[in-house]
Amino acid sequence: MRFFKGLLWAIILLAGLYFFTTNDFKAIPDKLATTVSQWTASVAPEMTSDSAASDSGSSSMSSASDSAASSATTEATPLEANVQGKTLASTYYYHFDDDVPTAARQVFAQAIATYNQTGIVKLVAGTGTAEQNQITFSIYHKTMTAAEQGTIELGHGGPKIIQRIGWGAYTANHATASLNATYTAAFQESVAVHELGHALGLDHSTSQDSVMYPVDQGKTALTAADIAGLNSIYNN
């Protein structure tokens with residue numbers, strides 16, 4: 001038994017000596033070093049790229065977070081009660097009353113261009129039919145009383161919904177937008193945009209950036225909330 005064990009150990013020793021002297025074993029440290037070197041060379045640029053991507057991602061996340069926060073806090077401009085739940089065509093035919101002065105026509109024309117640029121509604125000159133959307137541009141005169149000193153009414157406007165049910169059913173908006181010609185301050189683009197907004201169905205907004213803020217701020221560009229309000233009427 002002891003002789004057998006001794007012979008077994010001798011065989012193991014000889015095999016070990018052979019293994020240590022082979023080129024494959026000697027190459028192991030070199031292979032390991034080469035593998036580590038290749039891994040370092042390939043990983044380092046990726047880490048740099050990842051770092052760059054991380055910066056971009058951080059910026060993107062920050063931007064996305066800002067956008068999400070903006071979306072979360074931005075609500076559509078309110079709608080006039082009588083257009084809510086109504087399905088209206090996006091095309092309007094407009095005309096001016098005969099007594100509308102040039103100054104009023106000019107600012108209304110600018111307001112028309114502003115809303116047409118949204119691509120949500122299309123306002124074209126003409127009278128239209130009873131079944132089609134219409135807007136009448138006009139003026140009126142109202143002098144503020146002593147009790148109303150400090151506040152000037154510059155204009156008014158709004159939708160008038162015409163709805164027929166049953167055979168030949170249709171829904172149309174025969175709206176008006178009017179400026180208070182008693183005061184020259186009424187002949188401003190911001191006022192015309194505001195009153196045309198009412199005619200199209202937008203109600204007052206609490207945002208001072210909105211063209212629908214009830215006190216004139218000189219705003220002529222529709223906000224994202226104003227656009228969202230229009231979309232909710234004409235792209236519902």
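**View 1. The largest nonpolar core of the predicted model.** This core has 38 residues. A nonpolar core is a set of buried Ala, Val, Leu, Ile, Met, Phe, Trp, Tyr and Cys residues joined through side-chain atoms within 4.5 Å. Buried means under 20% relative accessible area, exposed over 50%, and partly exposed in between (1.4 Å probe, protein chains only). Tyr-115, Leu-123, Ile-135, Phe-137, Leu-196, Leu-200 and Tyr-234 touch the most other members. E1, H3, E3, E6, H4 and H5 each supply at least two residues of this core. Helices (H or I, at least four residues) and strands (E, at least two) are DSSP runs, numbered from the N terminus. In soluble globular proteins, nonpolar side chains tend to be buried together.

The model is predicted: local features need pLDDT of at least 70, side-chain atom pairs count only at pLDDT 80 or more, and totals for chains, interfaces and linings use all residues. Residues are numbered from 1 along each chain as its sequence is written, and side-chain values use heavy atoms, with hydrogens and water left out.

**View 2. Leu-123 and its contacts.** Contact means heavy atoms within 4.5 Å. Leu-123 touches Tyr-92, Tyr-94, Ile-112, Asn-116, Ile-135, Leu-196 and Leu-200. Residues up to four places away in sequence are not counted.

View 3. H3 covers residues 102-116, 15 residues in total. Its first and last C-alpha atoms are 21 Å apart, close to the 21 Å expected at 1.5 Å a residue. That expected span is 1.5 Å times one less than the number of residues. Ala-104, Val-107, Phe-108, Ala-111, Ile-112, Thr-114 and Tyr-115 are buried. Seen down the helix axis, the buried residues of H3 fall within an arc of 155 degrees, so they line one face. The arc is taken from the directions from the helix axis to the C-beta atoms. Exposed Thr-102 and Gln-106 sit on the face turned away from the buried side. Cover for the buried residues includes E1 (91-96), E2 (122-125), E3, E6, H4 (189-200) and H5 (224-234).

**View 4. Strand E6 and its partners.** In E6 (residues 170-180), 8 of the 11 residues are buried, so the strand is largely enclosed by the rest of the structure. Strands pair if DSSP finds at least two bridges between them. E3 (residues 133-140) runs parallel to E6, joined by 7 bridges. Here Thr-136 has Thr-176 as its bridge partner. E4 (residues 155-158) pairs antiparallel with E6 over 4 bridges, and His-156 stands opposite Ser-178.

**View 5. The hairpin of E5 and E6.** E5 (residues 161-164) runs antiparallel to E6, with 4 bridges. Gln-163 stands opposite Thr-171. The hairpin has 5 residues between the strands. Gly-166 takes a positive phi near 85 degrees.
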